[in-house]
Amino acid sequence: MIPDVLAQAAPLLFATLGALASEYAGVLAVFMEGAITIAAFSCAAIAYGSGSAALGVAGSTLITMALLFAVARFTERTRANPFITGIAVNFLAAGLIPRLSTLLFGTQGVVQLSPRVSLAGEFVRNAGFPAALCLAIAFALYLSRTSQGLALRNSGSAPDALAARGLKPGRYRALSWVIAAFFASLAGSELVLGLGAYVPSVSAGRGWTALAAVYLGYRNPLLCVLAVIAFASASYLTDILQGTGRIPATLILGLPYALALAAFVIARKNRSN
């Protein structure tokens, strides 16, 4: 049970860390769902063509970071609403990925990876959560012990204070998009390699759930780990209950999203108090 829960928690923890970086910069990471989808497809396409899981992860990381950096620069230069440009990333993923899948693989459905890549996926599945936990600890130290991390934390809440010190808040906001892209690429790669295939809607709402985990974890990287485990446990319970046939399927499938909604309500109530 515990290994299965932690395996489900790994991609969500990656996504949550990315959403947290963006949250500190004052940008709600509504783009995480689309970024994870783009990263997952990029990883699958490169791993499929090269036969290497490592190249798939590296290529996915570069593509996702480059894309979100471009969107971040556009947002800062034009002073566009980051919520709108973030949603545009989701629309881009929804429209572009099926077309690319048709062009590259002749299908908009499941893309099965080679046995060699799938074999590496077993290692990824087992190592995913320990790697995500180590990155959560490293990210917490970065935010609290380095000047750049402290500046990133203040870029959303106190941009004028940064400007008074000669720093440019816009650069840190753009940096938050890039950090979020890095974690999104890890989440997408973890999902694809763990499954041994790319499937449509592979993100399955993890980008949105990550936003709830950020608030349930009180915007603290280490507390977010506990929040993610709670969501992963709910997802695992959903899988178990589906096999019983005693509870309506629609009610079961809505359990993780009900928990996410409850997290938003609790976080908002605590903030108001």
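The model is predicted. Colour by secondary structure and look for twelve helices and two strands.

**The whole chain**

The protein chain has 273 residues, of which 46% count as buried. Now show contacts. Take those between residues at least 6 apart in sequence: 75% of them join residues at least 24 apart.

**Two crossing helices**

Next, select residues 2-24, helix H1, and residues 206-216, helix H9. Their axes come within 8 Å and cross at roughly 65°. The crossing of H1 with H9 is right-handed. Show side chains here. On H1, pick Pro11, Leu12, Ala15, Thr16, Ala19, Leu20 and Glu23. On H9, pick Arg206, Thr209, Ala210, Leu211, Ala213, Val214 and Tyr215. Together these residues make the contact. By type, ten are nonpolar, two are polar and two are charged.

Now go to the loop between strand E2 (197-198) and H9, and select Ser203. Is Ser203 buried or exposed? Ser203 counts as buried because its relative accessible area is 1%, under the 20% cut-off.

Which residues does Ser203 touch, leaving aside its neighbours within four places in sequence? Select Glu33, Ile36, Thr37 and Leu191: Ser203 is in contact with each of these.

Note on methods. Residues are numbered from 1 along each chain as its sequence is written. This is a predicted model: local features need pLDDT of at least 70, side-chain atom pairs count only at pLDDT 80 or more; totals for chains, interfaces and linings use all residues. Side-chain values use heavy atoms; hydrogens and water are left out. Axes are lines fitted to C-alpha atoms, for helices over the stretch in contact, and angles run from 0 to 180 degrees between N-to-C directions. Helices (H or I, at least four residues) and strands (E, at least two) are DSSP runs, numbered from the N terminus. A crossing is left-handed if the near helix is turned anticlockwise from the far one by less than a right angle, and right-handed if clockwise. Contact means heavy atoms within 4.5 Å. Ala, Val, Leu, Ile, Met, Phe, Trp, Tyr, Cys and Pro count as nonpolar, Asp, Glu, Lys and Arg as charged, and the others, Gly among them, as polar. Buried means under 20% relative accessible area, exposed over 50%, partly exposed in between (1.4 Å probe, protein chains only).
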